[in-house]
Amino acid sequence: MTIIYDSLTGQTKRFAQNLGFPAIHVKLYEGTPEGELFLVTRSINFGKIPQTTKDFLDQYKDKVIGVAVSGNKNWGENYGKAGDSIEAYYNIPLILKFEGSGFKSDRQRVMDWLIKQEEGKKV
Ligand SMILES: Cc1cc2nc3c(=O)[nH]c(=O)nc-3n(C[C@H](O)[C@H](O)[C@H](O)COP(=O)(O)O)c2cc1C
């Protein structure tokens, strides 16, 4: 499992780097390491998906097993909306929306989910 993150000001990066798996910036991923990917991205400009995330998904969406999205509740109905759009357009399950770099409990929820996926592959 590799975490792929898209981050401008570092909040998403901080979340991604604390999930217990190797983490790579979205623009630096070039197909290796192989295996499943988990995406951590952010919402911009009224809930839009960043172009860098779109470029990544257009190429690698089949390897992405889930997504978590950072946002800010001040954006109201557009809070974390990039995650809803990714789920709808790319058919990738949205596991969690979180604010900023998230709380420990947010990271734990994603880590538990990731570990469950890894366990599922063993049986
Ligand atoms: C110009 C701008 C637009 C944003 N638009 C949204 C938005 O529509 N919805 C949302 O939930 N958060 C929005 N945010 C908040 C960011 O998604 C949030 O701060 C995120 O943690 C930034 O991640 P980063 O530090 O990894 O770049 C916006 C932030 C900025 C600066």
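Start with a question: is Asn-91 buried, partly exposed or exposed? At 69% relative accessibility, Asn-91 counts as exposed. The cut-offs are these: buried is under 20% relative accessible area, exposed is over 50%, and partly exposed is in between, with a 1.4 Å probe and protein chains only.

Some ground rules. This is a predicted model, where local features need pLDDT of at least 70 and side-chain atom pairs count only at pLDDT 80 or more, while totals for chains, interfaces and linings use all residues. Residues are numbered from 1 along each chain as its sequence is written, and side-chain values use heavy atoms, with hydrogens and water left out.

Back to Asn-91. It sits in the loop between α3 and β5 (94-99). Helices (H or I, at least four residues) and strands (E, at least two) are DSSP runs, numbered from the N terminus. Look at the backbone there. Asn-91 is not a glycine, yet its phi is positive, about 60 degrees.

There is another asparagine to look at. Asn-45 also has a positive phi, near 40 degrees, and is a residue other than glycine. Its place is in the loop between β3 and α2. Asn-45 counts as exposed, at 51% relative accessibility.

Now the overall fold. The chain has four helices and five strands. Along the sequence, the pattern reads β-α-β-β-α-β-α-β-α. The radius of gyration is 13 Å, close to the 14 Å from the globule rule for 123 residues, so the chain is as compact as a globular protein of that length. That radius is taken over C-alpha atoms, and the rule is 2.2 Å times the number of residues to the power 0.38. Along the principal axes, the C-alpha atoms fill a box of roughly 40 × 30 × 25 Å.

Next, contacts, meaning heavy atoms within 4.5 Å. Take those in the chain between residues at least 6 apart in sequence: 69% of them join residues at least 24 apart. As for burial, 48% of the 123 residues are buried.

What about charge? The chain carries 17 positive and 15 negative side chains, and the centres of the two sets lie 5 Å apart. Lys and Arg count as positive, Asp and Glu as negative; His and the chain ends are not counted. Each charge is placed at NZ of Lys, CZ of Arg, CG of Asp or CD of Glu.

On to the interior. In soluble globular proteins, nonpolar side chains tend to be buried together. A nonpolar core here is a set of buried Ala, Val, Leu, Ile, Met, Phe, Trp, Tyr and Cys residues joined through side-chain atoms within 4.5 Å. Which members of the largest core touch the most other members? Of its 18 residues, they are Ile-4, Leu-39, Phe-56, Leu-57 and Ile-86. At least two residues of this core come from each of β3 (37-42), α2 (51-60), β4 (64-71) and α3 (81-90). A second, separate core has 17 residues, including Phe-38, Ile-65, Phe-98 and Leu-114.

Zoom in on Ile-86. Leaving aside neighbours within four places in sequence, its contacts include Leu-39, Ile-49, Leu-57 and Val-67. Asn-91, our opening residue, is also in contact with Ile-86.

Thr-2 is found in β1 (residues 2-5). Thr-2 is buried, at 3% relative accessible area. Beyond neighbours within four places in sequence, Thr-2 is in contact with Pro-22, Ile-24, Pro-33, Glu-36, Leu-37 and Phe-38. Check Pro-33 in that list. The peptide bond from Thr-32 to Pro-33 is cis, with omega near 0 degrees. Pro-33 lies in the loop between β2 (23-25) and β3.

Arg-109 is in helix α4 (residues 104-122). Arg-109 is exposed, with a relative accessible area of 52%. Outside four places in sequence, Arg-109 is in contact with Ile-95 and Leu-96. Lys-73 is in the loop between β4 and α3. Lys-73 is exposed too, with a relative accessible area of 54%. Leaving aside neighbours within four places in sequence, Lys-73 is in contact with Tyr-79 and Glu-99. From Lys-73 to Gly-100 is 27 residues in sequence and 9.6 Å in space, C-alpha to C-alpha.

That's my tour. Over to you.
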